[in-house]
Amino acid sequence: MRISTPKKAAIGTALGTLLLTGTSVTAAQAAPATYSITVTRTPAVKTVYASTATAASCRLNTITITRTSMCMDVGARVDLLKNGKPVGSATFDVKHNMTLKTNKLKWAESFTVGKATLVNAGGVRINVSVGGGKGVKTAVKFPQGSTLGPAHKGTVGYAASVGKKKQIASPASYRFSFTKPGYTPGGFTYNSAKYRCDDMFWGPKKRTKNPGCVFPSFSPVFTLSRSDAQVKQSANHILDAQNKITGHPGASTPLHRITSQKTIDAHRKAMCAKVHNPDPKKYDCDEYPFAASKEGGDPSRGSTRIISASDNRSAGARLGGFYKIQRVLNGDSYYVRIK
């Protein structure tokens, strides 16, 4: 029997249709797998303010800061995905320790990418970069491309540049990226606590304190002692005023420094103008909250007392020194503690 040509053409046409529509034998072959890396970190990191003595105690998922130090411990997880489904993971934490200098514009940080718990996640490599913000240069030392698993240590050097009677403020910005051959890379970023560098302490002709840096969100504590003969009258007045005034300004709630001499003078006048001073050469009108604080100048929420001029001025000099040491600028909060 002879097979006619039209039938061959029909078969060829049918085969071509199958190939074009993807319903041929090749349809049985699976599409190439896709591999990717996803990375997550702790979504919320709690901030804790601590005394210098306890600042070294840093807890997971916490930023612990003092006026000049920060310890931050962040939990993280890397997941390896095949076609969007997890096939491996690595969990670890990253711990940072940063120490600022109140009289220098250079400081250092150390950090550790902790030992990772690996589940089918060998060969994941890590790279780290750090930005310091406007006016701050950084130098990162880290074994870039290290494999997750063992702990890896790194350092960051910071150098700030700030103009005369100027200040800059920024957090450090950390970026961690993770790679593995054949996988789409992944990564995450997060910030340190915000630091501030300034060159604000100037007299009429010269600088009174070298520029330096602090963590401004930490409220330092100004301390006077009732057993200190030079300032005991000031100390006793402050303690009595704190106990008497609702809200205990400076004790339960902070004071806030102001630097406008016009406002300071107005606060002092509002508090002391009508207070009788038996001998202005020997005595001063002492006001609390301080005239140089936002909370000062309100007789309904303040206290005055006639005390020795030398005592009052010694306490005032110590307060001024405290502002310099702790770099307390206009608007900064601080507490007043009486021992």
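Reply: A disulfide, meaning a pair of cysteine sulfur atoms within 2.5 Å, joins Cys197 to Cys213, with an S to S distance of 2.1 Å. The model is predicted, so to speak of local features a pLDDT of at least 70 is needed and side-chain atom pairs count only at pLDDT 80 or more, while totals for chains, interfaces and linings use all residues. Residues are numbered from 1 along each chain as its sequence is written, and side-chain values use heavy atoms, with hydrogens and water left out.

The torsion about the S-S bond of Cys197 and Cys213 is about 105°, so this disulfide is right-handed. It links distant parts of the chain, 16 residues apart, with Cys197 in strand E15 (residues 195-198) and Cys213 in strand E16 (residues 212-214); helices (H or I, at least four residues) and strands (E, at least two) are DSSP runs numbered from the N terminus. Cys197 and Cys213 are both buried, where buried stands for under 20% relative accessible area, exposed for over 50% and partly exposed for the range in between, with a 1.4 Å probe and protein chains only.

By the sulfur distance rule the count comes to two disulfides. Cys272 and Cys285 are also joined in this way, their sulfur atoms lying 2.0 Å apart, and with -75° about the S-S bond this link is left-handed. Here too distant parts of the chain are linked, 13 residues apart, since Cys272 belongs to helix H3 (residues 261-272) and Cys285 to strand E19 (residues 283-288). Cys272 is buried because its relative accessible area is 13%, and Cys285 counts as buried because its relative accessibility is 16%. With bonded cysteines counted along the chain, the disulfides follow the pattern 1-2, 3-4. As for other cysteines, Cys58 counts as buried at 14% relative accessibility, and Cys71 is buried at 2%.

Strands E17, E21 and E18 form an open sheet in the order E17-E21-E18 with mixed pairing (two strands pair if DSSP finds at least two bridges between them). Its edge strands, each pairing on one side only, are E17 (221-224) and E18 (255-256). E17 runs parallel to strand E21 (residues 333-338), to which four bridges join it, and Phe222 stands opposite Val336 in E21. Helix H2 (residues 232-244) packs on the sheet, touching E17 and E21, and its direction makes about 110° with that of E21. Helix H4 (residues 309-325) likewise packs on the sheet and touches E17 and E21, with about 155° between its direction and that of E17. Contact means heavy atoms within 4.5 Å; axes are lines fitted to C-alpha atoms, for helices over the stretch in contact, and angles run from 0 to 180 degrees between N-to-C directions.

Buried residues make up 41% of the 339 residues in the chain. A nonpolar core is a set of buried Ala, Val, Leu, Ile, Met, Phe, Trp, Tyr and Cys residues joined through side-chain atoms within 4.5 Å. In the largest such core, which has 46 residues, Met98, Trp107, Tyr158, Tyr174, Phe176 and Phe178 touch the most other members. Strand E4 (residues 69-82) gives this core its largest share, six residues.
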